[in-house]
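Hi everyone, thanks for coming. Let me put the sequence and the structure up on the screen, and then we can walk through them together.

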Amino acid sequence: MSYSGFGGKLFDVLNYVLLAVIAVLTLYPFWDSLIISMTPLNENLSTNVHLFPRSITLEAYRYLLNLDQLWSSYMVSIFVTVAGTIISMTATTLAAYALSKKELPGGRVVMFAIVFTMMFGGGIIPNFLVVKQLGMLNTVWAMMIPTAIQTYNLILMRSFFVSIPESLEESAKIDGCNDFGLLFRIVVPLSMPAIATVSLFYAVSKWNEFFTAVMYITDKDLWPLQLFLRSMLLENEAAFQSGGDSPFLLGQSIKMATIMVSAIPVMMIYPFFQRYFVQGITLGAVKE
Amino acid sequence: MKRFRTWMLFTLIAAMVITATACGGGSENGNAEDGGGSPTKIVFLTPGDNAAKGLLPGDRVLAEINKRLDIDLEAKFVPENGFEKINVAMATGDLPDIVTINYPSPSLSQWIDEGLLIPLNDYLSEMPTVKEKIEKNSQWTAVDGKYYGYPFIEERANTALAYRADWLDTLGIKPPQTLDEFYEALKAITTRDPDKNGKNDTYGLTAQKGGGQFNFVFFAYGLPHGDWVLDSAGNVIPVFEHPAFKQGMQYLRKLWDEKLIDPEFLLNDTQKREEKFYQGKVGFMQTALFRHVNRLETSLQKVNPDGKLGYEGPPAGPDGARGMNSAPKGGLFTAITKNAKNPEKAAKLIEFMLSKEGRDLLELGIEGIHYTKEGDQIVYNEAERAKDGFASNGWAHPLAWGSVVWPLTENYLPQTEPQAERAKESVDIATKYMVPNLLNTTTAEEVELGGVLSELYNQYFTEMMTGKRDIDAGIAELSKKWRSQGGSKVLDAVNKAYQAQNKS
Amino acid sequence: MVLPTRDVGYVRAPLRKRRLWKRMVANRYLYIMLLPAAAYYVLFHYYPMYGALIAFKEFSITKGILGSPWAGFKHFEYLFTLDKFWHVFWNTIIISLYRLVFGFPLPLIMAILLNEARKLLFKRTVQTIVYLPHFISWVIMGGLLMNLLSTDGGVVNNIVRSLGGEPIGFLTDDRYFRGTLVWSMIWKEFGWNTIIYMAALAGVNPQLYEAAYMDGANRARRIWHITLPSIRGTIIILLILRIGGLMEAGFEQIFVLYHEGVYNVADIIDTYVYRIGLTEGRFSLAAAVGLFKSAINFILLIAANRLSRMMGEQGIY
């Protein structure tokens with residue numbers, strides 16, 4: 001399909017130009033960080049604007065990648081992200097589907113009760129006690145189970161499911177499918193964009209999560225990547241400020257390399273998820 | 001195919017759930033058994049040394065401590081400067097045997113009030129180093145005659161004025177000794193193009209956000225104490241009601257109005273401030289020196305090979321008074337909790353960390369393994385040191401700093417330090433100009449209301465300095481507001497504490 | 001399988017009860033699906049909820065939350081008597097409203113523009129790029145903004161100057177600071193926020209566009225009649241959630257960018273309370289602050305949800 005006519009063409013051209021400009025402007029923060037991470041110290045110190053590096057060094061990366069703990073932190077983060085997302089998605093999808101059914105008695109009350117927890121909670125002490133009582137302190141599960149469902153994501157999933165026309169499920173129902181069958185045979189394949197999006201949200205938030213780790217994990221072997229890198233940066237910052245009595249301080253390039261090391265893996269999963277919502281698949285593929 | 005995937009998912013989850021429950025509880029009963037001849041388990045919760053590496057399994061220094069003290073030490077370092085985590089651990093009954101927390105702090109006061117900490121008094125006889133240190137400097141930290149822990153309050157300073165010595169040479173001026181000379185120096189740097197780049201792009205002085213960056217001006221005008229001052233009747237009043245404050249404010253305002261101070265200094269964090277120094281945008285700044293002397297100078301020279309770092313004490317005021325920063329009233333506090341199964345052993349561990357024997361072990365490691373001695377010289381065995389979590393270049397073990405002592409306190413620099421002489425000299429200068437406090441103690445009222453009040457002060461200070469507020473009117477209004485926002489209550493308490501201090 | 005009956009209201013009570021039971025049995029699988037979530041919410045949200053009481057207590061560590069003596073509204077009163085509390089309260093609302101008004105529509109517009117771009121590779125590339133800054137932390141963005149916006153050699157002010165203007169204190173001037181906050185937030189997050197609309201748009205049947213095209217509808221009409229209606233539900237859900245988050249004005253961002261010179265316009269409840277050390281180790285006060293914010297958010301959320309349902313849209317519950 002294409003748009004003919006001068007107006008249509010003009011719009012297309014303007015649209016592409018505008019999007020390209022926006023892309024360039026938003027690329028800048030990432031580009032800048034990337035360049036700084038590869039720029040030698042003296043150049044970083046002498047100028048604030050980095051469009052292109054005058055010389056490149058991978059020293060910062062060499063330093064980071066040589067830290068033993070980086071790798072153990074990577075493993076922890078990958079495990080928590082993958083397993084955590086699977087757990088979260090399972091619980092969220094099941095609940096969102098059930099709650100998307102208007103005819104479910106009590107459904108609205110349950111949904112309200114869930115939304116209520118978005119706002120009100122018991123605070124840090126009782127939460128800590130629960131995790132402790134469950135014996136999860138200092139285990140990887142403390143980073144997955146207590147945050148298994150994010151209500152925001154549950155609401156999004158539910159609203160996607162609500163918007164699926166009932167008629168699509170009717171035929172399967174007549175074929176004798178129960179609700180599990182309906183969900184996995186009809187609804188899930190139809191909702192791949194939503195599932196991909198929410199999975200992405202979960203994966204990113206689990207990858208970036210560090211507060212639960214701060215609270216529940218003491219064992220450095222179980223520190224996820226974000227906690228390791230953040231504490232490396234923040235504590236060096238603190239070392240600066242406290243009059244700096246800690247042994248070593250990091251340069252700018254290491255700071256930026258840290259961002260790259262922590263962000264690049266999670267950025268790379270994006271195109272994988274993107275597959276599911278750039279192309280107009282799904283509903284169109286189903287006969288109505 | 002689809003069905004298969006679904007089943008995979010369920011199996012995976014079921015497996016994980018089972019492992020989760022199977023793993024649970026394992027960490028709970030770690031210190032249940034304590035009988036027999038096995039060494040006492042001691043859990044030590046501390047923010048520790050932020051920049052140190054973590055303890056590695058099989059750490060030989062830790063093993064050595066355990067051997068010498070017959071204990072089984074588990075040190076838990078809290079990430080992210082996490083006093084919050086320590087607070088939560090204590091509030092949920094997850095008490096370690098020994099804990100380090102910031103001092104003074106609401107949490108610490110509460111722990112003492114509620115009896116979570118054990119007084120050290122009974123054990124002091126076995127803690128000679130601790131006893132000596134407390135009795136020499138920190139008797140005032142006692143609560144009802146009892147010492148609830150070892151207060152670590154820095155007695156030395158490392159902050160002074162740093163400047164571009166090469167610029168002063170170029171301009172043909174000497175390091176300024178008085179406020180007038182300081183003004184002239186800033187003016188020369190701002191207007192006479194010290195970097196000879198033909199551009200009017202330099203400022204005399206920069207600072208950073210967070211306040212407290214220009215106190216040396218007030219001290220030069222004769223502000224006698226860092227925390228509180230006395231009025232003519234001998235009552236305690238806030239520092240901004242001292243005449244020196246107004247004079248200092250006027251001086252700073254003059255610097256600001258004549259654009260001798262970096263107009264964007266409020267945006268600076270430490271890193272940004274240093275960057276401006278390296279990049280030749282400013283000539284003077286107040287900064288931490290000591291170990292940073294070498295770092296600052298080499299960084300400067302990376303940008304500008306001819307750059308030279310100078311440092312000096314604060315300029316003197318009209319009556320010759322000088323002062324850089326007030327002596328700290330707070331720091332860290334290491335205490336034994338009521339949970340300690342063997343408080344005596346815990347006390348011995350604290351003593352050990354401060355004793356000569358302990359310092360040698362934590363700073364240098366085990367002789368023959370981590371280092372060897374050649375006469376006076378210490379030769380570091382970096383390969384062995386790395387195995388036990390020592391930082392490189394002669395820096396210390398994860399347990400060395402951050403609980404009861406910092407390198408500054410000990411004047412510790414490894415022998416690899418390139419500018420050790422200058423580093424130590426800078427500390428002598430900074431310490432010489434440390435301004436004493438009127439009171440040793442921090443009253444409970446200050447702990448509670450201090451945040452709000454200093455916040456108010458900072459805001460008025462900035463507004464008066466940057467010309468958003470008239471100085472006379474500003475000080476008058478600050479006095480009024482400050483009192484109504486809890487200052488009166490604090491003053492009452494402080495006056496009482498002052499009288500009590502004078503009596504004893 | 002019995003289809004649900006909608007007009008239960010007309011049936012007599014006993015029958016209704018029986019029908020309810022029948023409906024519950026008919027939906028048993030749905031209840032099973034709810035189980036994991038129910039367990040999760042009970043265990044990690046409702047069971048610990050007693051902790052909120054701490055805001056009304058004088059918390060004692062040895063007595064625990066439930067055993068601590070009551071303090072009534074003491075902590076709230078203390079909060080409200082703080083000189084600056086209402087000032088920062090209004091700052092929070094104003095900054096949040098700016099974020100809502102300017103920050104909310106842009107991802108939507110971006111999604112529509114992307115949807116109109118037909119070249120798949122281009123579309124994907126742009127989408128990936130705009131998503132990147134989400135992963136750059138505010139600390140880093142802060143440093144970057146200071147370099148760009150400095151009145152002393154910053155790129156933006158160099159442009160302003162070369163156009164004959166006076167340098168603008170984007171980060172130092174009261175009048176510009178909030179604008180800088182909002183636009184930098186948009187810069188960092190709008191791409192990320194576009195994702196959800198893109199996902200919603202992926203659900204639109206391309207045949208609808210084809211049909212409209214055949215009918216001679218121009219582009220504006222197609223956007224208006226096909227694109228927008230098909231993501232209306234998502235827009236409304238997101239809007240309700242944003243309104244229910246009005247008391248969150250972006251702590252991390254403000255904390256990085258603000259300073260004494262702009263406290264007047266930039267200080268929000270979270271930054272103020274944090275800076276004056278009000279919450280450090282004081283669990284009761286911290287809980288009171290949280291509860292105060294939550295109560296306002298909750299009222300707003302309920303109001304927004306009700307309004308949405310009254311207008312015939314779906315709500316979040």
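A cavity here is a set of points on a 1 Å grid, laid over the protein atoms alone, where a 1.4 Å probe fits but cannot get out. Grid points are joined across faces, edges and corners, and a volume is the space filled by probe spheres set on the points.

Before I go on, a word on the ground rules. This is a predicted model, where local features need pLDDT of at least 70, side-chain atom pairs count only at pLDDT 80 or more, and totals for chains, interfaces and linings use all residues. Residues are numbered from 1 along each chain as its sequence is written, chains are lettered from A and ligands numbered from 1 in the order in which they are written, and side-chain values use heavy atoms, with hydrogens and water left out.

Now, what is the volume of the second largest cavity? It is about 70 Å³. Its lining residues, meaning those with an atom within 4 Å of a point, include B:Phe214, B:Phe265, B:Phe461 and, from chain C, C:Glu260. The lining divides into four nonpolar residues, six polar and one charged. In this scheme Ala, Val, Leu, Ile, Met, Phe, Trp, Tyr, Cys and Pro are nonpolar, Asp, Glu, Lys and Arg are charged, and the others, Gly among them, are polar.

Over all chains, the search finds 60 aromatic pairs. One of them joins C:Tyr258 and C:Tyr263, with 5.0 Å centre to centre and 50 degrees between the planes, so this pair is tilted. For the cut-offs: rings of Phe, Tyr and Trp (its six-membered ring) pair if their centres lie within 6.5 Å, and planes under 30 degrees apart are stacked, over 60 edge-to-face and the rest tilted. Both tyrosines, C:Tyr258 and C:Tyr263, are buried, that is, under 20% relative accessible area, while exposed is over 50% and partly exposed is in between (1.4 Å probe, protein chains only).

B:Lys254 lies over the face of B:Tyr183, and C:Lys57 over that of C:Trp70; the distance from the ring centre is 4.2 Å for B:Lys254 and 4.2 Å for C:Lys57. The rule asks for NZ of Lys or CZ of Arg within 6 Å of the ring centre and within 35 degrees of the ring normal.

On to the chains. Chain A has 13 helices and zero strands, whereas chain B has 18 helices and 16 strands. Helices (H or I, at least four residues) and strands (E, at least two) are DSSP runs, numbered from the N terminus. Buried residues make up 60% of the 288 in chain A and 58% of the 504 in chain B.

Finally, some backbone angles. Most residues other than glycine have a negative phi, and most peptide bonds are trans. Yet a cis bond joins B:Tyr103 and B:Pro104, with omega about -10 degrees, and B:Pro104 is in the loop between β3 and α4. Phi is positive at B:Lys196, near 55 degrees. Is B:Lys196 buried or exposed? B:Lys196 counts as exposed because its relative accessibility is 57%.

Definitions and conventions. 1 Å grid on protein atoms, 1.4 Å probe; cavity = no way out; pocket = protein on both sides within 12 Å on 5 of 7 lines; lining within 4 Å.
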